[in-house]
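Subject: Structure handover

Hello,

Here is the structure I promised to pass on. Please open it alongside this email.

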Amino acid sequence: MWSRKRFDIDYSDLIYGLGAALTVENSRRHELQNELEDWWISDSTGEAVACLSVRSGWDLLLQGLQLPPGSEVAMSALTIPDMVSIVRHHGLVPVPIDLDPRTMAPDSASVDRAIGPRTRVIIIAHLFGGRVDLAPILAARDRVGAILVEDCAQAFTPGFRGHPEADVSCFSFGNIKFATALGGALLRLRDPQLADSLRQIQSTYPVQDSGNYASRLLKYLGLKTLSSRPGFTALIWGCRRLGMDYDRLLNQSVKGFPKDELIWRLRHQPCAPLLALLRHRLQGYSEKRLSEQTHRGQRLIQLLQEYCPEIQVPGVAASPHLHWVVPILAEDPSEAIATLANAGFDATQGHSMTVVDSPATHPEGEPRNTRELFQHLLYLPCYPAMDETALVSLAQALRPISSPSVSQFSRMSSP
Ligand SMILES: Cc1ncc(COP(=O)(O)O)c(C=O)c1O
């Protein structure tokens, strides 16, 4: 069985992290943080702030901005639930921007509807590894005088530090991201004063527990082994014998923080071993690693075109596109998951994300395309370890699967 995802980290990196957990004292935190931040912006402008996660950085930014309660935050309609919860926690109003399913970029009519005089912040996510053209959003930002935040959590590329005109660009190195350090994030901010105020707030936080971080490294040593083809096959076999739902087990093993603890958990400074591993990963990360993933993604999409041309691939027209994940739309995702499992492929639904609800003040703002897309979203396994034979079998296994009719979406076409 091919598992849904492989973690983008080698055993040697996990061992490096464990070594750092044993030897790097938190007294070196400042030094490591400064070095990492300076390196991140060495070929770029602005200031960098290293955080525990993108969610921690987003919460920090909303504290630093001190917006009046009731201010609106226009957001890409598809994001992770915590990003929306954080906005609400600050007494602000999330307003969805509907997305064009072909590019996953904001739909221009929806941009005009969502962004108005009450908008103080706009946050646009580059989804699935594709990059959104920010030019129309920059124009909307300048029209209303808001702050533009670029959420690059799914779009890390070595050397890319975000759009030079975005006010804030956030990169995540969480568990399932490219170049993961099993946590950590880097924010680039254009305004040095804002960066200083974020650093000031963050310095009042407790430091993440290094022992917990070491346990996470050990857990992922095990999960990495289980995500190999023989390891995953054995896991599924074991779960079936014990009558356990392996999908639920896997989702639980990588799930985020409990809802009532979210803000408290986010408000920690990254520990020294995390900063050491993040620096090690970023400074040693090769373009080759990413280009292998991109080629696999491109090849799978070509094969889908050949074997099952009606299958819809959301975001396929985004450029550049790294194919961090390869999503498709299936009329009945559960049935598609079962069909693929029989063929030896572990696909999964997009439960880790959510569609931002439109507030009562924007009755016309329902993100219809995104909601429709979300109901049919399915992620295929696709990573460098899958050879041509595996990708062909995957595309062939999808032949009986039907995709929702394109007429349900305003702008969608086949790959
Ligand atoms: C679009 C998007 N935004 C934000 C995040 C949060 O990143 P982090 O885990 O670093 O908080 C994620 C994580 O998956 C994401 O996919």
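Below is what was found, from the whole chain down to single residues.

**Ground rules**

This is a predicted model: local features need pLDDT of at least 70, side-chain atom pairs count only at pLDDT 80 or more, and totals for chains, interfaces and linings use all residues. Residues are numbered from 1 along each chain as its sequence is written, and side-chain values use heavy atoms, with hydrogens and water left out.

**The whole chain**

The protein chain has 16 helices and 14 strands. Both are DSSP runs numbered from the N terminus: helices are H or I with at least four residues, strands are E with at least two. The radius of gyration is 21 Å, close to the 22 Å that the globule rule gives for 415 residues, so the chain is as compact as a globular protein of that length. That radius is taken over C-alpha atoms, and the rule is 2.2 Å times the number of residues to the power 0.38. Along the principal axes, the C-alpha atoms fill a box of roughly 55 × 55 × 40 Å.

Of the 415 residues, 57% count as buried. Buried means under 20% relative accessible area, exposed means over 50%, and partly exposed is in between (1.4 Å probe, protein chains only). The accessible surface comes to about 17,100 Å². Carbon and sulfur atoms hold 52% of that surface. Areas come from the Shrake-Rupley method with a 1.4 Å probe, and for residues only the protein chains shown count as cover.

Contacts are counted when heavy atoms lie within 4.5 Å. Take those between residues at least 6 apart in sequence: 76% join residues at least 24 apart.

There are 40 positive and 44 negative side chains. Lys and Arg count as positive, Asp and Glu as negative, while His and the chain ends are not counted. The centres of the two sets lie 4 Å apart, with each charge placed at NZ of Lys, CZ of Arg, CG of Asp or CD of Glu.

Two strands pair if DSSP finds at least two bridges between them.

Four bridges join β11 to β14. Two bridges join β12 to β14 (residues 377-380).

Glutamine 349 sits in β12. Its relative accessible area is 22%, so glutamine 349 is partly exposed. Beyond its neighbours within four places in sequence, glutamine 349 is in contact with Pro333, Ser334, Ile337, Leu377, Leu378 and Tyr379. Proline 327 is 22 residues away in sequence and 9.1 Å away in space, C-alpha to C-alpha.

Strand β9 (residues 168-172) is mostly covered: five of its five residues are buried. Val168, Cys170 and Ser172 lie on one side, Ser169 and Phe171 on the other.

β9 pairs with two strands listed here. Three bridges join β8 (residues 147-151) to β9, and these run parallel. Glutamate 150 stands opposite serine 169. Five bridges join β9 to β10 (residues 185-189), and these run antiparallel. There, serine 172 stands opposite alanine 185.

**Two helix residues**

Leucine 391 belongs to helix α16 (residues 388-397). Its relative accessible area is 0%, so leucine 391 is buried. Not counting residues up to four places away in sequence, leucine 391 touches Arg296, Arg299, Leu300, Leu303 and Met386. Threonine 348 is 43 residues from leucine 391 in sequence, and their C-alpha atoms are 17 Å apart.

Arginine 113 lies in helix α5 (residues 108-114). At 37% relative accessibility, arginine 113 counts as partly exposed. Leaving aside neighbours within four places in sequence, arginine 113 is in contact with His362 and Glu364. Serine 334 is 221 residues from arginine 113 along the chain, with 34 Å between their C-alpha atoms.

Best wishes
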